[in-house]
Every structure is written in structure tokens, then in C-alpha cells.
Amino acid sequence: MVAAGPDMGSKKRKRDGAGNSDDEDPVKGPSNTDTSIGIGQTLSRLQSTNGPTSDTESAAQAQNRDDVPSKRPTKKRGIDGEKTKYPQLTYVEGKLQSSIRIADLQNLLLYCFADGIAPQWISIKHSPRVRKIVVLMVPGLELGMFDGTIPLQAPKGDKVDTDAPEQEGAMDTEETEQEPRQADFQRWKQGLPPQDRSSQFNPRALSRDSLPEPLHPLAELFPHVWPVKAPGDSKYNRVHSPLQAILLSALPKNKESNGSKGPKQAKMDKSFQPKRTPITNFISTLEDLRENDYPLHPALFATESEKADLAENRKRLGQSAEHGWVNTNVNSLEEGNVPEAEIQQGSMTAGREVLAMDCEMCVTEGGNSELTRISLIRWDGEVVLDELVKPQLPVIDYLTRFSGITKEKLDPVTTTLADIQQKLLSILTPRTILVGHSLNSDLTALKLTHPFIVDTTFIYPHPRGPPLKCSLKWLCQKYLGKEIQKSQTGHDSIEDSVAVLDLVKQKCEKGERWGTSEASNESIFKRLARSARPGKSATGNDTGRTGAVVDWGSPERGFGSQATVAIGCSDDEEIAQGISSVVNGDASNASIPGDGVDFTWGRMRELEMHRGWCNRMPDPNKANESTTLIPPPEETTPTTGPTSTGDLQGLSDMVARTTSNIRRVYDSLPPCTLFVVYSGTGDPREVSRLQAMHKTFRDEYQSRKPWDELSVKWTDTEEQALKKACERARAGCGFMCVK
């Protein structure tokens, strides 16, 4: 039996440099167990068994054969006519205390090819001998396919039960998730330690005999299937991108400290190229405004029927004219366009008038939030409007600690909200762009809508993603290097407006990438490019690692923009062919290095589309945007498996097609290639359904609609259902081997 190598459990860096730090470690800790059968040993048995053993023989079958001697693997093998130490993957059973994460897969490849820290959840011997790494994302694969929870073929002589027994299976899974917590609580009350359940996180052996036929190719390639958890936020019930978890890497930590509290001021990486960008590129989309609860202007909608639906919805939400709301005088989005002849070359404002807005509020009778001050600042710093406003209802809290407004200041004021609205209607034109920080609350207090919005919480997103938002004070410290809101008498809306304007100007000066996750992260392709390949190049100089993205659509406009090569495809067969080309080299494509790239990331999508997990596909003309599938997948309530014979056969055929394409990728790889397949996420549909339900409830509830009249009621039951749906959606699977 092969135990973990000397690097198991070590936190020592393999090479100098900074590695990724993770919030959660899947490793339980040191273990004396050395009786498990690891991936590296399984592969070595295939290679050292007496008699002919084909490359396609099942690793799990070899593991279970009685005639396989228990001996250490051969240290050297012949590769391209030369003896070389062969890379080996080994894990020790019982080490894992949670599912491994997609970030752990990234750490594994960074350890092999860059300056990453040695992983603790698996040992890889002779890692410098890994010649290529291929990571393939295949959404739609699930652990349930490998334990029978999700059937892929009907038992012989039996019919598929159409009464959805899978729902019972799903309930069993949910109960299983709750039982350990309840059991631990009971043991805690008795003064006993929690039960050791580390074995449930261990990879599961794959065997052809125990798997349905569509999965046989995976059993022939990989000895185990691993539970792999997608990134997410349990507090806010969010599932984060499984692409970013692999393709974005944390920047090396700066050892220098600014010696003060708060965020360290952002600095441009050497590889960062500022790109002067007009402010019109940052105008919020309709989806952005909807997602962040903005009151919507009619000009955002193209057809009369859409505008009528908006009017009806706003009336229901208490945002109509009869409720005191007004819309700026913009009939269509096209009215905001400025002729090219009127735009000064290189202008950041693109001929538009830019006004920064900030408002202060108080609390009035009934717990309402009403306007007490409004400030407007022009792009050049000129104050356009700065007035105090008399609330309509008696004030019960002036919020002086936040707004600086006091009773003494407001008592002599006679200006009303209606007066301010009329002034704004004369100031805001179709060519005006309003900028602010969480401007939706200001517009709600003003009872005003405008279609052209730039929100600093959008263009400087929170590092952990929505719904989290960075505070204006934090953004100013991070990107402007200055302190605001230091007064003991509250905020100053003029100061806040100027700060917002400065942030927007900086964004326009440095480009779309500035202030995004790329400010604290970098493309993994850039990180690999800084790591020299073993040996010398033809010119005698060390060369960095090369990389490729092979994906549907136009990956060169998205994550593939930083890769050496980006190949766009339209089906999974093209994906398999594209990976073969970039890994081995392709004389017909001059962008591919002659000996192929070192690292390749690809994605197959036919299975996720067949299962209805995805209803949008990459837009070939826009980076990281998508278009609706035509026809769209059938909208069904997600289950753990098919509910009819036809569904079962269709899923079985698509899984067989997908695993066949995975096999094609494996067959095309050269020796000493680390091959990793991961699913990304589980079924996301229930999460989407519940999140949409929550948004509807929030909209109706905020409109002060009586509880009995709400079309959707959101209680702790729905909240817990969303939490469970997110956990299920984050549950994926993965496979790995060295060819």
C-alpha cells in the first residue's frame, strides 16, 4: 500500500513566492492511517501488473483484482524514449473533514506549475514531472449518478416509476444533512465529542460493475469520484462562479503594511494597463437596476405594452403619480445619444452632463424615511443644488449622527419635496447622467426616476460579490487614499457627492477592470506566465507557462482574454477537438505554440443544457454576456432525476455522449498530463426560483401591501428552503488522474 508522500500535511512552500490562502481547510489533520489505496497506487498497479494491461483498463477493476501484487510503484518509466520519474497522486483515507473545494483544485495545479503551497488533502510525488495540466468543467454531472440516487438506466424488466420517487430521495438527502447536526447536539449534551464522519468526504471508488453503462468511460479513466464544493456564501444564500474559482488567482501578498486600520490603498499591478473609458460604458443596465431595487423609468422599456406593465406595477408598489412620484422628461433612451461631431475626442463624459447626487434623510411618523437635504455636483466640481427640505410628516428622528441635520436647521425651512422635484425636472435632461452611491435610496426619497444611472456600488463591486456592497468611506480609503465622513456632526452630502465623482473619474481614467475583482485577483494565466518552464527555450532563456481556454462562444472576450490561446466552439465535440489542438499543437493555428500549451481549461455544456440547468448561452459579440436559448429549456420543478422513461433515456443518451467526449479528451493527452474534471455546481434552478420568489415578496412588502394581500409570503420556511437549495447547488463532483 502506498501512503502519503513526505509532503502530505506539510505547509511548506514548494517554491518561493506567495500562494493562495483559504478560509476553510478540508483536511482533518495528521493521521497515522497508511492502509488506503490511493490514485497514484491504483495507476501504478495498472502499469506494474504482470502480463499485458491496456491503457483503457478500469482503474477500479485493477484495484480489486486478487492477482495484483502489493508493491511500491515503479520509480521511473519510459516517456518519449527517456527514463523519467512518473508523477503520482496519493491520498490518505480519513484525512478529509469536508468536501474539497474548486479552490483546492486550483491550488493543486498552482503547486505543480507555479508557486503554490503543497496541498494537504492529496500528495503528488514528482510534481515537476507533470508536463501538462488539463482542467475540464462539465456542469450536469452529479454525485447522485454514481450512487444510484439519479438513475441513468431502468432496472431490467422494471418500469420507471412516474410518481417521482426521486423527490423521496431528495428528502432523504436533506434529512441526512440534518441528522449529523442533531446527533452531534445530543452527544454534546452528554459531554461526548462529535462523531467522526470524515469517511463521508473521502473519494468514492469507481467500478464498471457498479455503474450504469453511460458512466463506464469515467470508471475506465478515473479510479475515484470526489465530492467537490462550489464557492458560495451561506449567510446570504448565494452560489458564486465556479469559473472564477479556477481562472482567477489571488495576487501575491505585499509584505509592506500601511500601518493603519482600514483597507490598503489599491495600486496598479505591473501588468495592469489603464484604458481611458467614457462614462457611458458604466451606465447601469435594466437588469442591474431591477436587481438593486431601483425605481424604473418608462424610457427603459421599448414597447407600449412593457410601459403599461411598468405603470401597473409601480401603481401597485405605490410609485405612481398619484403617490407623488415624477419621471424626468426622457421619452426614450435614444434621446440621450450625442452625435459624434459634438463629442470631443477622448472625452470621458462623451458629451453628456454628469451630476453627482447625495441625499440625507430623517425618520418621520410611521417609520417613514423622508428627504431632509439634497446636493448636486457637476463634473467640474460646481455645486448645482444644495438645499434643505421640509419633511411632510412630523420628524421623530433627525438621524443627526448620520446626516448632520438638526431640528434647529430644519425648523425655518419651507422648501418641500414637490419644490425639489420641480427643480430637478428642469435640471435633469435626456443627456444627464446621475452618479451616486446606492442611488436607489436617494431616488426613492425624492420619489423620482431617471434612466441614466452610474452607481459606484456597481462599478466598484464588493470582493465577495452581491448582495454585499462596499461603503463609500471604504472605497475612498481603498481607491482615493483619503478619509471622508470624519465629522462628529454627521455626513456632509457635498463631501459625499465629491467623493462619488472622484471615484467615477478614476474609473473612467483607468478602465473597466479597475476596482473589480481583478484589482485583488489576477488571471491564472498571468500567474502561470510568471513561472518558468523546466529547461531552456530555443533561445536559451527561461519561458513562462502558456495557457488556453476552450469554451463555447467567444472566450477571447472573457476569461480567455489573458490566455495564450482562446478557442471558441459551438458543441462539445468541438471542445474535445479544440483541447487536443491546444495541448498537442496545431500547425494550422499559428497562435498555438508548436509543442502545445502547458495549462488548458475547457468546458462542455451539452449536458447542462439538456438538463435545463442553463437557459442562456454566451453572446458571441459581447464579453461575459449571454443570450436566451431558443427554444428555452422546459421550465420544470427541479428533481434529483428523470420521472419518465423518455426522460431517463434522453438523460442516459446525453450522459453517454458527454462521457464519450471526456474520453476523447483523455485519449488525446500526452503522457504525464494531470487531467482534472469537475462539475462546477449542482442544479441551480431551485435557487433561482426561490430568489425570484424572495424578490417578489420584497417588492410587495416594501410597497406596504397588507400581508394577506401579498401574492408571495416569505417566512422562515422559505428561507430555510433557499438555504438548503443553495447547499445542494454548491454540491458538485470531480475526477482526477495522471495519464
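Start by selecting Arg545 and Phe113: the charged end of Arg545 sits over the ring of Phe113, 3.7 Å from the ring's centre. Next, pick Lys510 and Trp514, where Lys510 lies over the face of the Trp514 ring, at 4.1 Å from its centre.

A word on what's on your screen: this is a predicted model, where local features need pLDDT of at least 70, side-chain atom pairs count only at pLDDT 80 or more, and totals for chains, interfaces and linings use all residues. Residues are numbered from 1 along each chain as its sequence is written, and side-chain values use heavy atoms, with hydrogens and water left out.

Now zoom out to the whole chain. You'll find 22 helices and 27 strands; these are DSSP runs numbered from the N terminus (helices: H or I, at least four residues; strands: E, at least two). Of the 739 residues, 49% count as buried, meaning under 20% relative accessible area with a 1.4 Å probe, protein chains only.

Time for ring-spotting. There are 11 aromatic pairs in the structure. Rings of Phe, Tyr and Trp (its six-membered ring) pair if their centres lie within 6.5 Å, and planes over 60 degrees apart count as edge-to-face.

Select Tyr91 and Trp226: this pair is edge-to-face, 5.5 Å centre to centre with 65° between the planes. Tyr91 lies in the loop between strands S3 (88–90) and S4 (100–101) and Trp226 in strand S8 (residues 224–229), so the pair ties together parts 135 residues apart in sequence. Both Tyr91 and Trp226 are buried.

Then jump to Tyr294 and Phe458. Their ring centres are 6.1 Å apart and their planes are at 65°, so this pair is edge-to-face. Tyr294 is in the loop between helix H8 (286–291) and helix H9 (304–316), while Phe458 is in helix H14, 164 residues apart. Tyr294 has 6% relative accessibility, so it counts as buried.

Last stop: helix H15 (residues 472–480). Which of its residues are buried? Leu472, Leu475, Cys476, Gln477 and Tyr479 are. Show helix H14 (456–459) and helix H16 (493–510) too, as both are among what covers those buried residues.

Technical notes
Buried < 20%, exposed > 50% of the residue type's maximum accessible area, 1.4 Å probe, protein only. Contact = heavy atoms within 4.5 Å. Phe/Tyr/Trp six-rings, centres within 6.5 Å; stacked < 30°, edge-to-face > 60°. Lys NZ or Arg CZ within 6 Å of the ring centre and 35° of its normal.
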